[in-house]
Amino acid sequence: MSGRVVIAGAGPTGLVLALLLRRQGFDVWVVEASPEVDERPRAVMLHARGLEILQTLELSDDLLRKGWWQSAMAFDRSDGLRLEMRFSELPTRFPGVLNVRQPDIERTLATALLEAGGRLERGAVVRHCRQLGSGVLVEVSRQGRCEVIEVDWLFGCDGARSTVRASLGSTFDGHTVPYPYLLGEGAPFSRPLPGDVSAMLISDHGVVSWLPFPDGTVRVAGPGQAMQAQSDPTPRASDVELLAPDFLTVQDRLVADPALRITDVHRCAHYRVHSRLASLWGRGRVWIAGDAAHVHPPAGGQALNLGFSDAEAIAFRLAGRGAPSLASYQRERAAVAQATLEQVAVAPLIEAIRVARTDADLERLQATLDLMAIRLSHLATDFAATGLDCLGSANPRERRAIRLGRRLYDQGPLQPVHGRPGWWHHPTLVDRVVQVTPDRHVRAIETVAVPQGTSA
């Protein structure tokens, strides 16, 4: 399939979508309001599914070289107790989490898009759109001039204040956390060592995340000092300026180990945290993805994982060849986004770790963290499930069972069915074949004749 596409927003989601569509032959134009890559501290974590999607674009190795790879995330209590969320046994080429700064991701993706023949224009904004029977009229503003163009598709990857979402009449339902989060990056007292992992540092004063990077710097982020709630609840990347001395004062209270504390602050900010889901993700030839469709607290580092999977879901639907229609896009992706919003609400988990005392307490917590590793990786998503099971069943046997709507998890290689693109022989199914989309979700199962002499 081919056609003309405008994508509003040159963040990671918009650029991944642009690259996937270029591979399918679409003429892609990405417009971005910012005149240059935004260097502010933002998303940094890439989980397994995000890296698998980047692998299809031949970009995962490049970002692995730029990031800090870790096979676990730690939960460290100030009295020395450590629990770990372990990713090393996940059935994927990427059994871990990569810390890599969003500006580095955007530069890598933008370079790849230009090399692939895509168009990226900065300082340009989608102001308005109107759907036609077979296309979309898009009004683009740049340098004081407006241009109206007709394209086949418009995709809004333009963030939490999405113009495209507003043009659909979609509400952004949810809530804003009533206190700001603290964020700082810089050089710590002790440089991170190979083998160090990101950690949630839990004390009586609160909890912050501690994330290392290859250049020897770290990020410290989490709930900070109380502030008066703003009257405007709309999400913003950064609401309040934070001075380095103020950051250091709050950090001393929240980070118990002096060796982990940032001593040379490179950048810091207060930012607001939101939990919101769009009521409508699209219609006709206008759709939204990434932060335009959902925003959530930063625990677990899910922004890139969700956005990349949204982009993949749109791209293979446009490819056709037996793929589901865009009519199912919101139903499937919104269910995963809603489950993720529930999964990253970790306050009860943090409190349980804070008060844990017995071996039985620790055993229960470790089982919770092991399941969270699977669910945060998005390797076992299930569109037919409800609640947190959308991210993977708590039952290991059920998680590996082949069901309609479920992603193939911990399965061997598939063999293509001759003459039926998208259909596969599965090693555990002698008498059936499965239709699987590029996201590895099972879309159909058919019974086939078993050759004589073959045991079912």
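Me: Buried means under 20% relative accessible area, exposed over 50%, and partly exposed in between (1.4 Å probe, protein chains only). What is the relative accessible area of Ser 203?

Reply: This is a predicted model, where local features need pLDDT of at least 70, side-chain atom pairs count only at pLDDT 80 or more, and totals for chains, interfaces and linings use all residues. Residues are numbered from 1 along each chain as its sequence is written, and side-chain values use heavy atoms, leaving out hydrogens and water. Ser 203 is found in strand β15; strands (E, at least two residues) and helices (H or I, at least four) are DSSP runs, numbered from the N terminus. Ser 203 counts as buried because its relative accessible area is 8%.

Me: Which residue has its backbone nitrogen 3.2 Å from a polar atom of the side chain of Ser 203?

Reply: A polar contact is a pair of N or O atoms within 3.5 Å; within protein, one must be able to donate a hydrogen and the other to accept it, and residues adjacent in sequence count only if both atoms are side-chain atoms. A polar atom of the Ser 203 side chain lies 3.2 Å from the backbone nitrogen of His 205.

Me: Is Ser 198 buried or exposed?

Reply: Ser 198 sits in the loop between β14 (181–188) and β15 (199–203). Its relative accessible area is 2%, so Ser 198 is buried.

Me: With which side chain does the side chain of Ser 198 make a polar contact?

Reply: Contact means heavy atoms within 4.5 Å. Leaving out residues up to four places away in sequence, Ser 198 touches several residues, including Met 45, Gln 70, Trp 210 and Pro 212. Its polar contact, at 2.9 Å, is with the side chain of Asn 99.

Me: How do the ring planes of Trp 153 and Phe 155 lie: stacked or edge-to-face?

Reply: Rings of Phe, Tyr and Trp (its six-membered ring) pair if their centres lie within 6.5 Å; planes under 30 degrees apart count as stacked, over 60 as edge-to-face and the rest as tilted. The whole structure holds four aromatic pairs. In the pair of Trp 153 and Phe 155, the centres are 6.0 Å apart and the planes meet at 10°, so the pair is stacked.

Me: How many residues apart are Tyr 181 and Tyr 271?

Reply: Tyr 181 and Tyr 271 form a tilted aromatic pair, 5.8 Å centre to centre, with 55° between the planes. Both Tyr 181 and Tyr 271 are buried. The pair links distant parts of the chain: Tyr 181 is in strand β14 and Tyr 271 in strand β18 (residues 262–271), a separation of 90 residues.

Me: What is the phi of His 378, about?

Reply: Most residues other than glycine have a negative phi. His 378 lies in the loop between α10 (359–377) and α11 (396–400). At 3% relative accessibility, His 378 is buried. His 378 is not a glycine, yet its phi is positive, at about 60°.

Me: What is the relative accessibility of Arg 440?

Reply: Arg 440 is in the loop between β25 (432–436) and β26 (442–447). Its phi is also positive, near 70°, though Arg 440 is a residue other than glycine. Arg 440 counts as partly exposed because its relative accessibility is 27%.
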